[in-house]
Each structure stands twice: as structure tokens, then as C-alpha cells.
Amino acid sequence: MTGADIPPINSGAQIVLTSRRRPLTVAAVTAGVALLSGCGGDHPRPLALATGTTAGVYYPLGGAMASRWTRDLPGLVVKAEVSAGSVTNLIQVANGESDIGFGQADAVADAFRGTGRFPAPLPLAVLGRIYPNIVHLLSVEGRDVRSVADLRGKRVSLGPPGSGNEVTARNVLRAVGIAEEEFRVRQMNYNQSINGLKDGTVDAVFLAAGLGVSSVVELGLTRDLILVPFTREEIAAVETANAAYQGIEVPPGVYRGVDAPTLTPSLWNMLFVHRDLPADIARQLAESLLTGRDEFRSVTRNADFIQLESLGEIGELPLHPGAEALYEEARERGGTAPGSLP
């Protein structure tokens, strides 16, 4: 995946891109896939959608998607489940413990290649690229954190173990030249991290989430929020180190107290499935995803990014053949979904 593979973000969302456990033994999902493709009777096994914590965007958006898929796909029930995040989701889907998962592009790319947290490539396929995560580097007044360099010597929450948030925080810090020995690592989930900023147990928090994430909005209502800006040189270093990232400007007014455009890294989120998921199911999931965008907007403004033009734009990563066929047919019809769902 290269920076050139990532198309401009929809200007309607009012954000501007500045540039461009042990080692796993991965088994194919056999009995599980068989159940998905031909589960008879009145009580089919639900499909599990692995999301994230309740404080992020994955879980509420996943709940809306699960409801839509349950209505659209005959004989199937989809349930959104809380999880630790991207890394956990990738492992669970690969092992057949979940059927669909959310993941950040950096963690997804690592899983396909067998790098980073993954000792071997995982048998996955992308269902679609959904919306960009903003790397929120957060602090509050009184902690003396107003630049990325100020993290040295501070207590910094990187996110919980097994999360894409942790992967992203470590990638960004490594790229800008801040070694782990230079700050005090805390590994806390979204809620714990935000509460830590409130009660003074942490000085800064990395929170990779969609624009307008509720936990950050709430923090800005109760504390003097600081969204720490990255310099253009720091953004260039992050982009050079990992092509999954792009600089982005968070516009003023999204969060209380953030009154000027704030430069920070961003990366896309993806939905993925096991590569052995039957093509007809992947196609129906993709079609329901495409046609349900207006419904998903009621949950998060990030649903604006669910567009035919970008769903299949995943660079070198493998797109599931069922989803790929759906997107190609929709493009041939001028952007209209084929309407094959009941």
C-alpha cells in the first residue's frame, strides 16, 4: 500500500489531507464457514462482528451495520461484539472465533504480510475500506504537553494490549524518533485513558479513532482539552516510515477548545473477513454496506466516507472476490448497487 493508493477524503466531511500469544498456528475456518453458507433450521448461528471498545467508533458503527446486515441477509443474524481492537479482531477472524472484523490499515497490512505482531500471514480478505482514523494525541491543561517532543518524561497511554491503537501509537512514536525508554508507558483502554487525563494519572493519550469520537467530545466539555499538533516535519517522518499514514488537518470546532486547524496523522479503517468466506455472503455484506450508508450516518458522521469510490481502494491487500465483484458491477451501473438483496 502506498500513499498514492489513498484517494482524497470527501471534502464534505470538512477535513483536509495534507499529502498524500504465542506464535499462531492459523487453521482455515471449516465448520464455521460451512455453517455460514448453509445453516439450516430456524436458528442459524449468528455471525460475530468484532468491533472495539464501547468508547470508540467501531462499536456503535458496528452495531448499526450488524442490524442492517441482519435485515438484509436472509437466514443470517449478525451481532456486534466488544473487543480489544484491531490486533485481537484479526486473530479472532483468522481463527474462526469471529466472522467479520474492524481493523486499522497498519495492523491489517501487518496481518496479511506476517509482520509486526503477526509471526505468520493470516488467511484474511478485505471486505471494504470504511473511514479514516484520526490519531488524536490528547492532553489537558496543566500537564505541560503541547508538542510531540513534550512526551519525553511523561506518562503516556498507548492503548490496551492487542489493539490497533497500540500499534499506531508505537508506529508514530518510532517514526518521530521518540524511544519507549524516554517516556512512561501506560496501556489503558479508551475509557481508562480519558479518565486518566481527568484524574491526573496520565499526562497524554494516543487515541486513534474517527473524527468527532464521543469520548474526546466529552473530555472537551469537562476539561481544557489540548489536541497536540504534529509539525509538518513530523508528519513527513510518519508518512515516510509507513505508507498507511497521511497527514490530516482536524478542523476547528469539532472539539471544544480546538480552535485552529490541527495537523495530525491519519490512517484508514477496514472491514475484513476470513478468505474462505463464501463469495455470495461477502457480496451481500458488501452490498448492504454500500446501500446502508444513510442509515449509518445516524450513528456517526464518519459514515460519510463509505463510498463506492473508496471501498475497494486497498492497495496491495487482497479484496474478497465476492466484494470485488459487487463493487465492479456497481461501478458499471454508474455507482448504483445492483439491487440483488431481497
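## A walk through the predicted model

Asp-144 sits in the loop between E5 and E6. Before going further, please keep in mind that this is a predicted model. The backbone at Asp-144 has a phi near 60 degrees, a positive value in a residue other than glycine. Is Asp-144 buried or exposed? Asp-144 counts as exposed because its relative accessible area is 59%, and the cut-off for exposed is over 50%.

**Either side of the loop**

Ile-130 belongs to strand E5. Ile-130 is buried, because its relative accessible area is 0% and buried means under 20%. Ile-130 and Gln-307 lie 177 residues apart in sequence, yet their C-alpha atoms are 8.0 Å apart in space.

Ser-157 is part of strand E6, which covers residues 155-157. With 0% relative accessibility, Ser-157 is buried. Which residues does Ser-157 touch, not counting those up to four places away in sequence? They are Arg-186, Met-188, Ser-193, Ala-204, Val-205 and Phe-206. With Ser-193, the side chain of Ser-157 also forms a polar contact of 2.7 Å.

**Asn-269 in strand E11**

Strand E11, residues 262-274, holds Asn-269. Asn-269 is buried at a relative accessible area of 0%. Its side chain makes a polar contact of 2.4 Å with the side chain of Tyr-58. Beyond four places in sequence, Asn-269 touches Tyr-58, Gly-103 and Gln-104, and also residues including Gly-128, Arg-129, Ile-130 and Tyr-131.

**The nonpolar core**

The largest nonpolar core has 106 residues, and those with the most contacts inside it are Met-65, Trp-69, Phe-206, Leu-271 and Leu-289. Strand E5 (residues 124-140) gives this core its largest share, 10 residues. Looking at Leu-289 beyond its neighbours within four places in sequence, you will find contacts with Met-65, Trp-69, Ile-130, Leu-271, Phe-296, Ile-306, Leu-311 and Tyr-327.

**Cavity and pocket**

The largest cavity has a volume of about 180 Å³. Of the 21 residues that line the largest cavity, Gly-52, Thr-53, Tyr-58, Tyr-190 and Ala-208 are the closest to its centre. Two or more lining residues each come from helix H2 (58-72), E5, helix H5 (164-175) and strand E8 (204-209).

The largest pocket has a volume of about 160 Å³. Which residues lie nearest the centre of the largest pocket? Among its 11 lining residues, these are Leu-290, Thr-291, Arg-293, Ile-306 and Gly-335. Helix H9 (279-291), helix H10 (293-297) and helix H11 (308-311) each supply at least two residues of this lining.

Here are the two linings by residue class.

| Lining | Nonpolar | Polar | Charged |
|---|---|---|---|
| Largest cavity | 9 residues | 12 residues | no residues |

**Residues to revisit**

A few names come up again. Tyr-58 is among the residues closest to the centre of the largest cavity, and Tyr-58 is also the side-chain partner of Asn-269.

How values were computed:
Residues numbered from 1 in each chain as written. Predicted model: local features only at pLDDT ≥ 70, side-chain atom pairs only at ≥ 80, totals over all residues. Heavy atoms only, no water. Helix = DSSP H or I, 4+ residues; strand = E, 2+ residues; numbered from the N terminus. Buried < 20%, exposed > 50% of the residue type's maximum accessible area, 1.4 Å probe, protein only. Polar contact = N/O pair within 3.5 Å; in protein donor to acceptor, adjacent residues only side chain to side chain. Contact = heavy atoms within 4.5 Å. 1 Å grid on protein atoms, 1.4 Å probe; cavity = no way out; pocket = protein on both sides within 12 Å on 5 of 7 lines; lining within 4 Å. Points joined across faces, edges and corners; volume = space filled by probe spheres on them. Core = buried A, V, L, I, M, F, W, Y, C linked by side-chain atoms within 4.5 Å. Nonpolar A, V, L, I, M, F, W, Y, C, P; charged D, E, K, R; others polar.
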